[in-house]
Number of protein chains: 2
Amino acid sequence: MAVKRNTWQREAVREALDSRDGFVSAQGLHQGLRDAGSHIGLATVYRALADLANVGEADSLQSPDGESLYRACASTGHHHHLICRNCGLTVEIAATEVEQWARQTASDHGFTDARHIVDIFGLCAACTAAAAH
Amino acid sequence: MAVKRNTWQREAVREALDSRDGFVSAQGLHQGLRDAGSHIGLATVYRALADLANVGEADSLQSPDGESLYRACASTGHHHHLICRNCGLTVEIAATEVEQWARQTASDHGFTDARHIVDIFGLCAACTAAAAH
DNA sequence: ATCGCATTTGATAACCGTTATCATTACGCG
DNA sequence: CGCGTAATGATAACGGTTATCAAATGCGAT
């Protein structure tokens, strides 16, 4: 484990992730890769995603029903998401103020190594209209 | 299913939830009830918690490792939590500013019916000290 | 108070996503 | 080219949640 090797599988996962706009589940990504003809294994997808998340190249969050969702992450900066609970549309939101608030609040209470979960679930304009009829 | 019946089990779950300060996992709550001498079943705890969450008497969130956590929801006001990822210590934090920010951000993007998840996970002072030696 | 019946309960099995296992493959360096 | 070792992948194990279904129980009607 001393050195990370460059395998085509890892690249495939990275690319597949980049090519998607919203969040994808590990299984979804795996399915997509298989459909595209790749013989990549499920376990490998999980490992690759976990690695990407560790290095900071991907963001992960838990969907309301317990799945882990991943998303290619603009390398710099940490941002949050506004997610349509109906169609899955995802909007990135910069939240500098919230960042600061979170850090501040955590240290006010003596907490260290603070990570925060800040995500907003709602109905996007389109789905709101569709639901209103 | 037309009418909800009042069973002692449902009450037991509600009270057990009220008596706890932070978030509890369904299994944790079940364990606690069993320890307290109750013969309540695991499935029932899950059902009761889901019901409470539906009615709005409880809030639920997903822990980073995929468990569903529940907490009694103070009827008035909505607040967030600072949770020690090691010992589970939970501190309630008022977040008026964040509330407002979330609502604003959502509507800025045309989203409606916005709920937000805002929680901070970290290491509390005690656990930080313990981990540092 | 009692009856009747539909809802709820509870032990367990099924489910689903994730992680571990371990023999096999193949990257990377000399 | 060849070796050592990390990565892969099929599958089993795992843990939390949900479904199943017979038995128990609340609740309105009597």
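1. **Basis.** This is a predicted model, in which local features need pLDDT of at least 70 and side-chain atom pairs count only at pLDDT 80 or more, while totals for chains, interfaces and linings use all residues. Residues are numbered from 1 along each chain as its sequence is written, chains are lettered from A and ligands numbered from 1 in the order in which they are written, and side-chain values use heavy atoms, with hydrogens and water left out.

2. **Fold of chain A.** Chain A has five helices and six strands. These are DSSP runs, numbered from the N terminus: helices are H or I with at least four residues, strands are E with at least two. The order from the N terminus is α-β-α-α-β-β-β-β-α-β-α. Chain A has 133 residues, and 40% of them count as buried. Buried means under 20% relative accessible area, exposed over 50%, and partly exposed in between (1.4 Å probe, protein chains only). Take the contacts in chain A between residues at least 6 apart in sequence: 48% of them join residues at least 24 apart. Contact here means heavy atoms within 4.5 Å.

3. **Helix H1 of chain A.** Which residues of H1 (residues 8–18) are buried? They are A:Ala12, A:Val13, A:Ala16 and A:Leu17. They lie on the same side of H1(A) because they cover an arc of only 130° around the axis. The arc is taken from the directions from the helix axis to the C-beta atoms. The face turned away from the buried side carries exposed A:Trp8, A:Glu15 and A:Asp18. The buried residues of H1(A) pack against several elements of chain A, including strand S1 (24–25), helix H2 (26–35) and helix H3 (42–55). Strands S2 (58–62) and S3 (68–72) are also among them.

4. **Helix H1 of chain B.** In chain B, the buried residues of H1 (residues 8–18) are B:Ala12, B:Val13, B:Ala16 and B:Leu17. Seen down the axis, they fall within an arc of 130°, so they line one face of H1(B). On the other side, B:Trp8, B:Glu15 and B:Asp18 are exposed.

5. **A:Ser25.** This residue sits in strand S1 of chain A. A:Ser25 counts as buried because its relative accessibility is 14%. Its side chain reaches the backbone nitrogen of A:Gly28 at 2.9 Å. Leaving aside residues up to four places away in sequence, A:Ser25 touches A:Glu67, A:Ser68 and A:Leu69.

6. **Size of the interface.** 37 residues of chain A are in contact with 37 residues of chain B. The area buried between the two chains is about 3000 Å², and carbon and sulfur atoms give 66% of it. Buried area is the accessible area (1.4 Å probe) that two parts lose on being put together, summed over both. A:Trp101, A:Phe111 and A:Ile117 supply 24% of the area that chain A buries against chain B, more than any other three residues.

7. **Make-up of the interface.** How many salt bridges cross between chain A and chain B? The rule finds zero; it asks for a side-chain nitrogen of Lys or Arg within 4 Å of a carboxyl oxygen of Asp or Glu. Strand S4 (80–84), strand S5 (90–93), helix H4 (96–108), strand S6 (112–123) and helix H5 (125–132) of chain A each supply at least two residues of the side that touches chain B. S6(A) gives the most, with 12 residues.

Methods:
A polar contact is a pair of N or O atoms within 3.5 Å; within protein, one must be able to donate a hydrogen and the other to accept it, and residues adjacent in sequence count only if both atoms are side-chain atoms.
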